[in-house]
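Welcome! Here is a short tour of one protein model, sheet by sheet and helix by helix. Please keep the viewer open as you read.

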Amino acid sequence: MKNNSTSHRVRVVAQEVQTICNGEKDAMSNSNRKGWSPDEVATLITGYSNGAPVDQIASELGRSRRSVYGKANCLGVIHSSVGEQGYSTEEDAYLAKYAKKKTCAEIGRALGRSAGSVKQRGIRLGIGFEAPEKNARYSKDHAFFDKPNTQNCYVAGLLASDGWVRPESSGKPINQVGIAFAWKDVGILEHFKQVTGYTGPIREFMVDGHPQAELRINGVAQWVLSLRKHWGVIPNKTLALRAPPKSLTRKQEIAYLVGLVEGDGGIRISNKTLRVEYATGSKYFAKWMQRIWAQLVGVSPTLSVQSRNRKNPAYYVTFHGANARKLCEILMAAKVHRMKRKWDVAQREIARKRVGAKWNSLLGESC
């Protein structure tokens, strides 16, 4: 009777929490997503309370790990393995032994904990995770950025928008290059790994219930130097991003632009016409972008300022209509990897306009 009573209470609480959670309309709301029933929520809460592995809970529910993590985050449910139970002496010993040899994610998988939990435990114990031994265990092409070409120009554009370079951390050299995207764009990180020869893992984490993907590559001092030299990518670049040197060829500049647009750019339909824009916190970089787009299209794009606050305004370089289509055609001609979901918008609009032009031409001939 006691078990049945407990199960009933969990189910009632799950139904109440689910009602609240359903009322939160955030960016993850999507009519194509499979909703959660009160029974499924109860199963998740019970599994988390009992310390069941997330993979086991996901399998029982017929859902992905990301889905389970996201729902738990929405419900505010904390897995018992990171709650009052704490770390055992054996777990602490394992963490201390492999902190310099494995990533937080790898240690977490071995212990049945999250990478964030492992990192926080390491901080509490005074254990560092950075080490040359660990950095060296993953291969990478250290000379990838040494000489500009279309492939590394595209990757440099991604880094200039959505990446970072970090020569040191807490006064210690780490020479890190990193980049992060929403999980739906993880294909870009797979491409990054492929062209740079990096064999390390893609880190998965959650931000406000949204799955994210990230690469952090340490021990690449040669990359840090080359990114600064050839593309002006520097630490803390948000407000001080530099334009690349004039030594890049036009094809290399276009490849760089593709990466930039895929990072901090937008391609969408606005007021029934194509709109392409790029946003940056650097006024100098915005003016460089405006000049390059004007050279490619023959018309200068709009440069506007939107003030988030007086100290850090955002600068937008924008094309609409025919000029936006012309720019996209030029950028899509580059023989580099492309983020399909962005460029498909441009391709459909360009195709629609061409069909319309042909139809109008036929009508004109028949008159």
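## The β1 to β4 sheet

Four strands form an open sheet in the order β1-β2-β4-β3, paired in the antiparallel sense; two strands pair if DSSP finds at least two bridges between them. Helices (H or I, at least four residues) and strands (E, at least two) are DSSP runs, numbered from the N terminus. At the edges are β1 (163-169) and β3 (203-207), each pairing on one side only. From one strand to the next, the twist averages 30 degrees.

This is a predicted model, in which local features need pLDDT of at least 70 and side-chain atom pairs count only at pLDDT 80 or more, while totals for chains, interfaces and linings use all residues. Residues are numbered from 1 along each chain as its sequence is written, and side-chain values use heavy atoms, with hydrogens and water left out.

Strand β2 (residues 172-182) pairs with β4 (residues 210-217) over six antiparallel bridges, and I179 has L215 of β4 as its bridge partner.

## Helices and a loop beside it

Helix α9 (residues 150-162) lies across β1 and β2, at about 90 degrees to β2. Helix α11 (residues 221-231) lies across β1, β2 and β4, at about 70 degrees to β2. Axes here are lines fitted to C-alpha atoms, for helices over the stretch in contact, and angles run from 0 to 180 degrees between N-to-C directions; contact means heavy atoms within 4.5 Å.

In the loop between β4 and α11 you will find N218. N218 counts as buried at 11% relative accessibility (under 20% relative accessible area, 1.4 Å probe, protein chains only).

## The β5 to β8 sheet

Another open sheet of four strands has the order β5-β6-β8-β7, again with antiparallel pairing. Its edges are β5 (265-270) and β7 (302-307), each with a single partner strand, so one side of each has no neighbour in the sheet. β7 and β8 (residues 313-320) share six antiparallel bridges; S304 is bridged to Y316 in β8.

Helix α12 (residues 250-264) lies across β5 and β6 (273-280), at about 70 degrees to β5. Helix α13 lies across β6, β7 and β8, running at about 10 degrees to β8.

## Where α13 meets α14

Helices α13 (residues 283-297) and α14 (residues 321-332) pack at about 90 degrees, with axes 10 Å apart. They are therefore roughly perpendicular to each other (65 to 115 degrees). W293, L296 and V297 of α13 make the contact with N323, K326, L327 and I330 of α14.

Note on methods:
Angles under 35 degrees count as roughly parallel, over 145 as roughly antiparallel, 65 to 115 as roughly perpendicular and the rest as oblique. Buried means under 20% relative accessible area, exposed over 50%, partly exposed in between (1.4 Å probe, protein chains only).
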